[in-house]
Amino acid sequence: KSLYESIGTSSPAAPPDSKKIAQRIRRYIYAIVLLILAAGTWLGVTLTTSAYGANVFYNIVLMPIIGGLSAVVLNKKALLAPVFVFIVTAINFLFTQEYRFVNIAWFGTILSTLCLLGVAVVLLLKYAFSKGDDSK
């Protein structure tokens with residue numbers, strides 16, 4: 001008799017599927033990065049509307065970084081990042097400021113444009129470096 005038959009089981013347990021484990025890890029990391037991007041977006045929008053950041057526009061640096069990171073993480077869906085920034089800006093203005101469509105449109109457009117700038121830079125860099133690899 002084999003060892004498994006003497007114990008009472010007919011076969012050993014199946015080994016874990018490495019593809020499924022890798023996919024779970026990738027999905028977990030993807031979710032964490034998206035949460036970090038969402039928190040950065042919320043921080044940038046809040047800095048714009050808060051009393052502490054009223055005269056300092058930190059988002060000239062922060063929003064392109066968020067757009068660039070979203071282009072790295074989301075690839076082709078990165079153009080949704082400026083839309084998300086506009087929506088977060090609108091929600092923030094609705095809950096923290098008095099509702100004025102001009103404020104939402106003005107700051108939402110500025111922050112979304114800065115985010116789009118970061119997306120465009122990273123996508124153009126990806127395109128430039130991928131073209132260099134294809135020509136070899």
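**Rings, helices and surface**

Analyst: A starting point in this predicted model: F93 is buried, because its relative accessible area is 4%. F93 sits in helix 4.

User: How many aromatic pairs does the structure hold?
Analyst: Two rings pair if their centres lie within 6.5 Å. By that cut-off, the number of aromatic pairs in the structure is 1.

User: Why is the pair of F93 and F107 classed as it is?
Analyst: A pair of aromatic rings is described by the distance of the centres and the angle of the planes. For F93 and F107 the centres are 5.4 Å apart and the planes meet at 20°. Planes under 30 degrees apart count as stacked. The pair is therefore stacked.

User: Which helices does the pair link, and how many residues apart are F93 and F107?
Analyst: The pair links distant parts of the chain. F93 belongs to helix 4 (residues 80–96) and F107 to helix 5 (residues 101–134).

User: Is F107 buried or partly exposed?
Analyst: Buried means under 20% relative accessible area. F107 has 22% relative accessibility, so the class is partly exposed.

User: What separates the C-alpha atoms of F93 and I104?
Analyst: F93 and I104 are 11 residues apart along the chain.

User: What is the distance between the end C-alpha atoms of helix 3, and what span should its residues give?
Analyst: Helix 3 (residues 59–74) has 16 residues. At 1.5 Å a residue they should span 22 Å. The end C-alpha atoms agree with that span, at a distance of 21 Å.

User: Which residues of helix 3 are buried?
Analyst: The cut-off for buried is under 20% relative accessible area. In helix 3 the buried residues are N59, M63, P64, I66, G67, G68, S70, A71 and L74.

User: Which residue follows helix 3, and what is its phi?
Analyst: Most residues other than glycine have a negative phi, and most peptide bonds are trans. N75 follows helix 3 and is found in the loop between helix 3 and helix 4. N75 is partly exposed because its relative accessibility is 41%. N75 is not a glycine, yet its phi is positive, at about 55°.

User: What area does the nonpolar surface patch cover, and which residues make it?
Analyst: One of its residues is I32, in helix 2 (residues 18–49). I32 has a relative accessible area of 34%, so it is partly exposed. Patch residues need over 30%. The patch covers about 590 Å² and is made by I21, I25, Y28, I29, I32 and I36.

User: What is the overall pattern of the protein along the sequence?
Analyst: The secondary structure comes to 5 helices and 0 strands. Read along the sequence, the pattern is α-α-α-α-α.

User: What share of the accessible surface belongs to carbon and sulfur atoms?
Analyst: Of the 136 residues, 27% count as buried. The accessible surface comes to about 9,900 Å². The carbon and sulfur share is 70%.

Technical notes. Residues numbered from 1 in each chain as written. Predicted model: local features only at pLDDT ≥ 70, side-chain atom pairs only at ≥ 80, totals over all residues. Heavy atoms only, no water. Patch = residues over 30% accessible without salt bridge, like charges linked within 9 Å, V, L, I, M, F, W, Y side chains within 5 Å. Areas by Shrake-Rupley, 256 points an atom, 1.4 Å probe, with all protein chains shown as cover. Salt bridge = Lys/Arg side-chain N within 4 Å of Asp/Glu carboxyl O. Helix = DSSP H or I, 4+ residues; strand = E, 2+ residues; numbered from the N terminus. Buried < 20%, exposed > 50% of the residue type's maximum accessible area, 1.4 Å probe, protein only. Phe/Tyr/Trp six-rings, centres within 6.5 Å; stacked < 30°, edge-to-face > 60°. Expected span 1.5 Å × (residues − 1).
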